[in-house]
Amino acid sequence: MYKRILVPIDGSATATAGLDEAIRLARITGAELRLLHVLDAAAYATGFEPAAVYCNEIVPHMKRAGERVLEEATQRVRRNGLKADSVLLETIAERVCDLVVAHAIHWDADLIVIGTHGRHGVDRLLLGSDAEQILRTAPVPVLLVRAERAQEAAVPRRAAAPAAVVPA
């Protein structure tokens, strides 16, 4: 069964749904959890701020925010009686999805659990999907958790649709 679960998080409700599913799996399997946050500095550059302001104020602010995301997620894991370590990666030129996959390989993860919005059509085309790219390129199984499904699963139902695990 799964022994090393990588959980990419960004502080969103969708990522939290993925984290909650990873916690449930870790409780069942005894797996280690690694929380991963990628600080994509280029994603927030507007080009209007001077380079010094961007480097000395904006990026450090983003880093502190990423550290808070990881700390809150770590506390959530601890409240569930588990332990997790965390990693903050910074990038300017690499895609987030590529860094997640590379880290899964580096850490020797055997499962990636990630929240997804489940976008379709034009929304997916315009906004892209890191989750989809991770699914396509990961060398290990990927569990995609939709935030809406995770919230529905909290309410007992007779036949709830399971989350999909896609093998590598």
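Let's start at one residue: Ser-86 is partly exposed, with a relative accessible area of 38%. Keep in mind that what you are looking at is a predicted model. Ser-86 belongs to strand 3, which covers residues 84-91. Leaving aside residues up to four places away in sequence, Ser-86 touches Leu-35, Leu-70 and Thr-74. Now look for Val-7. Ser-86 and Val-7 are 79 residues apart in sequence, yet their C-alpha atoms sit 9.3 Å apart in space.

Time to zoom out. Of the chain's 168 residues, 39% count as buried. The chain exposes about 9,900 Å², and carbon and sulfur atoms supply 54% of that area. What about contacts across the sequence? Take the contacts between residues at least 6 apart in sequence: 75% of them join residues at least 24 apart.

Next, head to strand 1, residues 4-8. This strand is mostly covered, with four of its five residues buried. Which strands does it pair with? One partner is strand 2 (residues 32-40), which pairs with strand 1 in the parallel sense over five bridges. Another is strand 4 (residues 111-116), which also runs parallel to strand 1 and is joined to it by two bridges. In strand 2, the residue opposite Ile-5 is Leu-33, while in strand 4 the bridge partner of Ile-5 is Leu-111.

How does the chain get from strand 1 to strand 2? Follow it through helix 1, residues 13-29: strand 1, helix 1 and strand 2 together make a right-handed β-α-β unit.

Now for the charged side chains. Side chains of opposite charge can pair when their charged atoms come close.

Glu-21 forms a salt bridge with Arg-24, and their closest N and O atoms are 2.8 Å apart. Both residues lie in helix 1, three residues apart, which is about one turn of the helix. Is Arg-24 buried or partly exposed? Its relative accessible area is 39%, so Arg-24 counts as partly exposed.

A second salt bridge takes you back to the strands. The side chains of Arg-34 and Asp-85 meet at 2.7 Å, N to O. Arg-34 lies in strand 2 and Asp-85 in strand 3, so this pair ties together parts that are 51 residues apart in sequence. Arg-34 has a relative accessible area of 13%, so this residue is buried. Asp-85, on the other hand, is partly exposed, because its relative accessibility is 32%.

The last stop is helix 5, residues 130-137, where Glu-132 and Arg-136 lie four residues apart, again about one turn of the helix. These two also form a salt bridge, with the closest N and O atoms 2.5 Å apart. Here the cut-offs matter: buried means under 20% relative accessible area, and exposed means over 50%. Glu-132 comes in at 19%, so Glu-132 is buried. Arg-136 comes in at 58%, so Arg-136 is exposed.

Terms used: Residues numbered from 1 in each chain as written. Predicted model: local features only at pLDDT ≥ 70, side-chain atom pairs only at ≥ 80, totals over all residues. Heavy atoms only, no water. Buried < 20%, exposed > 50% of the residue type's maximum accessible area, 1.4 Å probe, protein only. Pairing = 2+ DSSP bridges. Right-handed = clockwise from strand over helix to strand, strands pointing away. Contact = heavy atoms within 4.5 Å. Areas by Shrake-Rupley, 256 points an atom, 1.4 Å probe, with all protein chains shown as cover. Salt bridge = Lys/Arg side-chain N within 4 Å of Asp/Glu carboxyl O.
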